[in-house]
Protein chains: 2
Amino acid sequence: MDNFTFYAPTYFAFGKGEESKAGSLVKKFGGTKVLIHYGGGSVVKSGLLDRVKASLTESGIEFIELGGVKPNPRSGLVYEGIELCRREKVDFILAVGGGSTIDSSKAIAAGVVYDGDFWDYYEGKRIEEALPVGTVLTIAAAGSEGSPDSVITKEDGMLKRGASGDAIRPKFSILNPELTETLPPYQTAAGATDIIAHLYERYLTNTPNVQTTDRMIEGLILAMVEETPKVIKNPHDYDARANIMWAGMMAHNNSCGVGRSQDWTSHGIEHELSATYDCAHGAGLAVTMPAVFEYTMHHDVARFAQIANRVWGIPMNESNLEETALAGIKALKDFVKSIGMPVNFAELGAKEEDIPQMAHTCCYGDGSGSGKRYGFTVLDENDVIAIYKKML
Amino acid sequence: MDNFTFYAPTYFAFGKGEESKAGSLVKKFGGTKVLIHYGGGSVVKSGLLDRVKASLTESGIEFIELGGVKPNPRSGLVYEGIELCRREKVDFILAVGGGSTIDSSKAIAAGVVYDGDFWDYYEGKRIEEALPVGTVLTIAAAGSEGSPDSVITKEDGMLKRGASGDAIRPKFSILNPELTETLPPYQTAAGATDIIAHLYERYLTNTPNVQTTDRMIEGLILAMVEETPKVIKNPHDYDARANIMWAGMMAHNNSCGVGRSQDWTSHGIEHELSATYDCAHGAGLAVTMPAVFEYTMHHDVARFAQIANRVWGIPMNESNLEETALAGIKALKDFVKSIGMPVNFAELGAKEEDIPQMAHTCCYGDGSGSGKRYGFTVLDENDVIAIYKKML
């Protein structure tokens, strides 16, 4: 196992009605004037925004608002949020929404206290300082509620890039599974697929002998496979929503990814799909993962056979591990299909003719110029083209 | 799932040589004058104490020392530590050792800033304030390195009791698996058994539909069952030590125990054994767990059958769940025996004639006077006597 540090100091308030604690939690973590950041109309229509405002008012916390976050959140709104916070002397950002809203909030929080262009952080600069961020989560998916990460899309070139730093790990996150009960099945399934991807991509390691985190990851995927169909069938299954919500946080706060190399190939290749077609990130992952896994599995077929056996219940064929591994990848593909996710380019609305451009941006878009993607395996532009073609 | 809060803000530095960060970590968390608290000679003989001191000196941190912590740490040394810290104006406690040393350090940390008798906390008062505590862990077992808990034995009456509070959760913990390689097999196995007990006792819940935490617990037990025999065979298997060390932390920081009722019956019944005979806590648990589980399994035989199937690989006999459940308990018993743990009173050095007194203290020793123990099931003094008798 590799040396590591792990620090996850987010305070979680989990369960029914916990959004009423928003005001007292902002206060606990030192906020006096808040930017409430959110997306479209659902948090308004559902009354959630009003409940959060009432809680802030009750705790004597001032606030202003900035709505309009879109899925695959854009840099334009981040710049607007930064200006607004500076002008209004905001000292705390409260995200009310899903991963996109939280990521946009994190970007604003880092940008407000930074002299330069916030995009510097999304080109590789580590975030060392930021306003405190809190979240009221409305979809189990991105894991941003417990992570030090943020992904933003820059309109100029539609570059979708990530930034990281303990400074943007939320001070608190309110996780009320009831708030996810109104999500349409497609979004619910896309969120679940994102969670499963966070687990798979931690599982695909080149570090030997990491059984504890292997077993944790397998356990969390098993729970996702068990619980997700329940909420697709009955959106009001509170306990299943709750299990998924906690699994989503655990999948991405990195307690099951410490001390091991990880593989963010599927996320990287998917990012070009959601940046190009503005599709749901989880839907893109449903199409991407099986293609990436089939393409890279020979790098360590035993690892794919192990997860096939332990998670998908495929009998281990010791004399033909490839068969076991492939059956596991097929089981994953069948599973995401069964919960309503697309499994090919056509179903996603993606086009073959865009492949060369996407593969190029995927390999060269980080500005490093190496043209290589490092993860479970090392891939170049031709490999990425081949992977996209497998999705046709 | 029940509502819950979860807050685990300990900074972990994990891996080879990480103890060299002790000084910089004390500084990071605001310490200027440290009490180094430790147990017997092993941390001295191994040179660990000197390395920690060198690290503190390098960071310009002053320190004093208090050794002499015993397994099942006593209140006498806690009082001594409190006086010493007040006299020397210590502002940070650094535990160098295992669970006993960490628990003693937490008690001192709470006591120093409290006007009353620190034992109040061990009679039910919540710890709201304490000096900051850091740890350099030398045995994977108690999970105290990531928990808000402390267990101390009061010499007067040999009462072994626990206290809790976020204030005593360590600010940082240094986990270097190399430091555990010199542990004798018996202590290694006792530590592993303690970890397994922390997982089982979270598993035994009356909360329905908690699949995510169920699966996490099962995964962590599977890892323990896989890794422990490796270190019994080869104490220098670094990766196996590392897997056990992280599993030990995850088992008890409560991320796999949130939102569900838990069962601390085995710990409660064992505490009388280690308080009476000063045996290793984990050895006591090896004897206690199978007896408690056989006695209480009919309360929810399906739960015992589930863990028997998923962890111990016992085929699920749907028409006779009891058979499956019992086979799982036997598998646990066989496992702890296989790693060198005692499985009955005689092997532990316990005596039948002490049963009435231990059962009485177990049921009435908390001063509440109810005589009942609440957990997975409700037990009275006669039940506890019957459980001790099963251990003969």
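In the predicted model, B:Trp264 is partly exposed, with 19 other C-beta atoms within 10 Å; the count falls in this class because a residue is taken as buried at 20 or more such atoms and as exposed at 12 or fewer. The residue lies in the loop that links α8 (238–252) and α9 (265–277) of chain B. Apart from residues up to four places away in sequence, B:Trp264 touches B:Glu201 and B:Gly375. Between B:Trp264 and B:Thr361 there are 97 residues in sequence, and their C-alpha atoms are 16 Å apart in space.

Helix α8 of chain B also holds B:His252. This residue counts as buried, because 27 C-beta neighbours are found inside 10 Å. When neighbours within four places in sequence are left aside, the contacts of B:His252 are B:Gly143, B:Gly146, B:Ser147 and B:His198. B:His252 and B:Arg51 are separated by 201 residues in sequence and by 28 Å in space, C-alpha to C-alpha.

Helix α12 of chain B comprises 18 residues (321–338). From the first C-alpha to the last, α12(B) reaches 25 Å, close to the 26 Å expected at 1.5 Å a residue. The buried residues of α12(B) are B:Leu321, B:Thr324, B:Ala325, B:Gly328, B:Ile329, B:Leu332, B:Lys333, B:Phe335 and B:Val336. Their cover includes four helices of chain B, namely α6 (185–203), α7 (211–233), α10 (281–296) and α11 (301–310). Just after α12(B), a positive phi of about 95° is found at B:Gly340.

The two chains are related by symmetry. Chain B is superposed on chain A by a rotation of 180° with 0.0 Å of shift along the axis, giving an RMSD of 0.0 Å. The relation is therefore that of a two-fold axis. Within chain B, the C-alpha nearest this axis belongs to B:Pro9, at 1.9 Å. Both copies use the same surface, as 100% of the contact residues of chain B recur in chain A.

The interface brings 37 residues of chain B into contact with 37 residues of chain A. On the side of chain B that touches chain A, two or more residues each are given by β1, β2 (11–14), α7 and α8 of chain B. The largest share of this side comes from α7(B), which supplies 11 residues. Helix α7 of chain B is also among the elements that cover the buried residues of α12(B).

One open sheet consists of 7 strands in the order β1(A)-β2(B)-β9(B)-β6(B)-β5(B)-β3(B)-β4(B), with mixed pairing. At its edges stand β1 (4–7) of chain A and β4 (62–66) of chain B; each has a single partner strand, so one side of each is left without a neighbour in the sheet. Neighbouring strands are turned against each other by 15° on average, direction ignored. Strand β3 (residues 33–38) of chain B pairs with β4(B) in the parallel sense over 5 bridges, and B:Leu35 stands opposite B:Ile64 in β4(B). Helix α5 (residues 99–112) of chain B packs on this sheet, where it touches β3, β5 (92–97) and β6 (133–137) of chain B. The direction of α5(B) makes about 165° with that of β5(B).

A further open sheet of 7 strands has the order β4(A)-β3(A)-β5(A)-β6(A)-β9(A)-β2(A)-β1(B), and its pairing is mixed. Its edge strands, β4 (62–66) of chain A and β1 (4–6) of chain B, each pair on one side only. Strands β5 (residues 92–97) and β6 (residues 133–137) of chain A run parallel and are joined by 5 bridges, with A:Ile93 opposite A:Val133 in β6(A). Helix α5 (residues 99–112) of chain A packs on the sheet and touches β3 (33–38), β5 and β6 of chain A. The angle between the directions of this helix and β5(A) is about 165°.

At the level of domains, chain A is divided into domain 1 (11–179) and domain 2 (182–390). The centres of these two domains of chain A, taken over C-alpha atoms, are separated by 26 Å. Their contact takes 19 residues from domain 1 and 27 residues from domain 2 of chain A.

Notes:
Residues numbered from 1 in each chain as written. Chains lettered and ligands numbered in written order. Predicted model: local features only at pLDDT ≥ 70, side-chain atom pairs only at ≥ 80, totals over all residues. Expected span 1.5 Å × (residues − 1). Contact = placed C-beta atoms within 7 Å. Least-squares fit on C-alpha atoms with pLDDT ≥ 70 in both. Pairing = 2+ DSSP bridges. Axes fitted to C-alpha atoms, helices over the stretch in contact; angles between N-to-C directions. Domains from an automatic or database assignment.
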